[in-house]
Amino acid sequence: MKPSILLLGAGMMGQTVAHYLFKKKAIYDLIWVDLEKKSLPDLNLIEIQIEDVRSPSLRLQEQVKNASLIIAAMPWYVLQPVFSLACEARTTVITVCRPHYSEMPAWNQRFLAADTSMITGVGLEPGLCEVFSRYLLQKLPDADQLEVQCGGIPKSYKPPFGYARVFGGNALPFEDRPTYTVENGQMRSVPRFSGIETWVEPSMGELEAWHDGLIPWVYQQSPFSRLTRFSQKTIRWAGYASKVRLMHDLGLLESKKKKTNWGEISGEEWIQEFFKNETTLGSDERDIVLLNIRAQSPKGQSVSLHFRDERPAGSPFTAMARITGFTAGIAAEMILLKRPSPGLNSMDQWLCDPNGVETLLRSLQDFGMQSSISAPISINLIN
């Protein structure tokens, strides 16, 4: 009997997972569920079952019970009833999303009590950023500094921000909020869009990276807790951060509504609507995902990983969807071969064995994704 995989979500990421798994239909039975019917010409051979996952039907409850694995590619807040059913059925779950930090202990206890597991944040960030970072720190055991840069951008600069919504959804990522960095062994809060670094990316042009995505609790875990310097920055075309900061300074991104001749509207709503077309990636436009990680020891030894993917010509899937969906599909296959430890674990806590990481890297390379690792001769790395 073939393993049964229950896939929740038919958005951009869910479509890529379905594409990956459908190619292996001889090995797996796939049940694909979404909240609404979608027209997906590239995946029209796969029937989508319409279900409100917030109130699971008897049919969906039975499918959760009988599934070998659940892959969740929906927002966390709509999936909690299904996660509760998974605990009752002792069904393993992997998600491309992650819970709020405050919810993690309770869900961990529920999955531990059920003697089953949930792997969260299976994608680029969270996901591959932490997996590959942990891998480099294992390869350079005395490293005390780690720099991470990642992001998805249009291959060609797209005015006015050089940005396109490669994740799907409608909101532009302009929110002004604190983020974190580690300096001198201490975590501290820094403004988002600060700490700008620039460089010229070959065949593209000038890019920038700034403080954005360091997850505070990652630094509490080994091997990250030994770091005296740790930063994680988002990659964009140069000039993005200064333009967003200017809009904040001018009050153009305030959420408070104001009376105008066109009715009540906030600056944020107006900006989001006004630039919708300019930040939509066309079907004939390509995006690129970049991930740069560098670990360094007090003696000056360093090891670096550079990862890149580009949307292939004619592909319905963006590079960001590819790296998320294919990673989730590969992770699903690995989990079906070897059951994870019970409880709630992040992707890097689950995939912490260097051999497993190297298997994942090779599998992603099979889809045309490029990766390279540079290191001192004394460090044993994959070819």
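Asp115 sits in the loop that runs between helix 4 (104–113) and strand 6 (117–120); helices (H or I, at least four residues) and strands (E, at least two) are DSSP runs, numbered from the N terminus. The model is predicted, with local features needing pLDDT of at least 70 and side-chain atom pairs counting only at pLDDT 80 or more, while totals for chains, interfaces and linings use all residues. Residues are numbered from 1 along each chain as its sequence is written, and side-chain values use heavy atoms, with hydrogens and water left out.

**Positive phi**

- Most residues other than glycine have a negative phi, and most peptide bonds are trans.
- Asp115 has a positive phi, near 55 degrees, and is not a glycine.
- Asp115 counts as partly exposed because its relative accessibility is 31%; buried means under 20% relative accessible area, exposed over 50%, and partly exposed in between (1.4 Å probe, protein chains only).
- Ser203, also not a glycine, has a positive phi of about 70 degrees.
- The loop between strand 10 (197–201) and strand 11 (205–211) holds Ser203, and Ser203 is exposed, at a relative accessible area of 69%.

**Cis peptide bonds**

- The bond from Glu125 to Pro126 is cis, with omega near 5 degrees, and Pro126 belongs to helix 5 (residues 124–139).
- The bond from Pro159 to Pro160 is cis, with omega near 5 degrees, and Pro160 is in the loop between strand 7 (145–154) and strand 8.

**Thr179**

- Thr179 is part of strand 8 (residues 178–183) and counts as buried because its relative accessibility is 2%.
- A polar atom of the Thr179 side chain lies 2.7 Å from the backbone oxygen of Asp212.
- Leaving aside residues up to four places away in sequence, Thr179 is in contact (heavy atoms within 4.5 Å) with Arg188, Ser189, Val190, Pro191, Arg192, His211, Asp212, Gly213 and Leu214.

**Nonpolar cores**

- A nonpolar core is a set of buried Ala, Val, Leu, Ile, Met, Phe, Trp, Tyr and Cys residues joined through side-chain atoms within 4.5 Å.
- The largest nonpolar core has 68 residues, and Phe132, Phe230 and Leu291 have the most contacts inside it.
- Helix 8 (residues 319–337) gives the most to this core, with 11 residues.
- Another core, of 25 residues, lies apart from the largest one and includes Val33, Phe83, Ala86 and Met118.
- Leu291 touches residues including Leu124, Leu128, Phe132, Val148 and Phe307, with residues up to four places away in sequence not counted.

Key:
A polar contact is a pair of N or O atoms within 3.5 Å; within protein, one must be able to donate a hydrogen and the other to accept it, and residues adjacent in sequence count only if both atoms are side-chain atoms.
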